[in-house]
Protein chains: 2
Amino acid sequence: MDDIDRQLLVLLQQDASRPYAALGEAVGLSAGATHERVRKLRERGVIRRTTVEVDPAAVGQGVLAFVMVESTRWVGDSGDRFSAIPEIQEAHVIAGSASALVKVRTSTTQQLQDVLRRIYAIDGVSGTQATVVLETFFERPVTL
Amino acid sequence: MDDIDRQLLVLLQQDASRPYAALGEAVGLSAGATHERVRKLRERGVIRRTTVEVDPAAVGQGVLAFVMVESTRWVGDSGDRFSAIPEIQEAHVIAGSASALVKVRTSTTQQLQDVLRRIYAIDGVSGTQATVVLETFFERPVTL
DNA sequence: TTGATCTACCGAATCTCATTCTGCATAGTA
DNA sequence: TACTATGCAGAATGAGATTCGGTAGATCAA
């Protein structure tokens with residue numbers, strides 16, 4: 001992981017469809033050498049995958065909320081329960097008064113309510129506190 | 001936006017490096033027709049960009065925290081102030097007692113503290129409440 | 001210092017795939 | 001019915017991914 005690798009990651013985060021020749025030119029390498037570096041970044045797991053960024057609003061997921069989940073028992077192994085709710089985009093175990101923090105996307109607040117209901121149904125969950133997002137300033141990749 | 005488009009989005013979210021011929025086979029279209037559909041999805045902004053997913057821990061961003069930001073004034077137009085802090089990965093205006101919610105990634109809790117200091121320095125910010133993530137169950141793309 | 005080994009690179013060859021184009025079929029519309 | 005727009009298949013073409021051989025530099029041990 002030297003500086004060239006970091007530059008490549010930045011460039012690929014911006015546009016992963018850029019040809020290796022162009023990438024290489026940007027960092028001062030040949031296409032072949034660039035390809036080899038990117039291959040190793042994948043191999044090491046630094047690059048998890050190549051993906052497309054979908055506009056949530058364009059696919060009917062205009063409502064965004066963060067939900068603090070309180071629990072009366074250990075939540076460390078109920079990741080699957082959260083994962084089973086497709087509207088949950090992220091789920092984290094947190095330090096502090098609540099036990100988990102999840103990020104939820106739905107098309108309506110009605111559906112958000114339904115998601116909260118399903119979260120309540122998880123064993124040990126004793127309460128939720130939902131925070132609705134009014135406007136998203138930005139969401140961007142990990143900064144290098 | 002029919003069902004085939006949605007299938008294509010799912011497949012591309014999983015692996016955007018898949019050839020159009022393979023995509024097409026999966027949804028029952030030719031490579032050319034698949035290409036055309038994906039082109040239009042980009043054109044309409046449904047697909048924002050093609051990118052790589054980087055493992056935060058692998059690039060020294062092992063600390064994740066969510067920060068509730070309280071403000072004494074309207075925060076609706078201070079998006080740039082948050083954006084200027086590179087450790088902030090997301091920033092949202094929220095309903096509720098706090099005014100904004102930001103997602104922060106740093107390499108150490110020391111640096112997290114420094115980010116909090118810089119958030120305080122934003123005009124109108126009167127308080128922060130940081131929640132440190134102990135474990136991330138999952139982070140996944142928008143569910144279709 | 002010398003030799004062996006390993007790594008990273010370049011440049012070229014090859015082969016896959018993206019992209020474009022033609023023609024056809026279907027659906028919608030005047 | 002005639003016209004128009006849209007979406008598709010299939011093929012042609014060129015761009016780019018991927019592989020490979022060979023070289024330079026770095027590291028390490030003798």
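Me: What makes the side chain of B:K40 a polar contact of a phosphate oxygen of DNA strand D?
Reply: The rule asks for a pair of N or O atoms within 3.5 Å (within protein, one must be able to donate a hydrogen and the other to accept it, and residues adjacent in sequence count only if both atoms are side-chain atoms). An N or O atom in the side chain of B:K40 is 2.6 Å from a phosphate oxygen of DNA strand D, so the pair passes. Keep in mind that this is a predicted model: local features need pLDDT of at least 70, side-chain atom pairs count only at pLDDT 80 or more, and totals for chains, interfaces and linings use all residues; side-chain values use heavy atoms, with hydrogens and water left out. Residues are numbered from 1 along each chain as its sequence is written, while chains are lettered from A and ligands numbered from 1 in the order in which they are written.

Me: What about DNA strand C: how much of what lies within 4 Å of the protein is sugar or phosphate?
Reply: 88% of those atoms, with the bases making up the rest. The largest share of the surface near DNA strand C, three residues, comes from α3(A).

Me: Why call the relation of chain A and chain B a two-fold axis?
Reply: Chain A can be laid on chain B with an RMSD of 0.0 Å by a 180° turn and a 0.0 Å shift along the axis. That is what a two-fold axis relation is. In chain A, the C-alpha nearest the axis is that of A:T51, 2.7 Å from it.

Me: How do you know which surface the copies meet through?
Reply: 100% of the interface residues of chain A are also interface residues in chain B, so the copies meet through the same surface. Contact here means heavy atoms within 4.5 Å, and 59 residues of chain A touch 59 of chain B.

Me: What is the area buried between chain A and chain B?
Reply: About 5700 Å², with 59% from carbon and sulfur atoms. A:R49, A:E53 and A:F137 supply 13% of the area that chain A buries, more than any other three residues. Buried area is the accessible area (1.4 Å probe) that two parts lose on being put together, summed over both.

Me: Last one: what makes A:R48 and B:D55 a salt bridge?
Reply: The rule wants a side-chain nitrogen of Lys or Arg within 4 Å of a carboxyl oxygen of Asp or Glu. The closest N and O atoms of A:R48 and B:D55 are 3.0 Å apart, so the label holds. Across the interface the rule finds six salt bridges.

Conventions. Near = heavy atom within 4 Å. Helix = DSSP H or I, 4+ residues; strand = E, 2+ residues; numbered from the N terminus. Least-squares fit on C-alpha atoms with pLDDT ≥ 70 in both.
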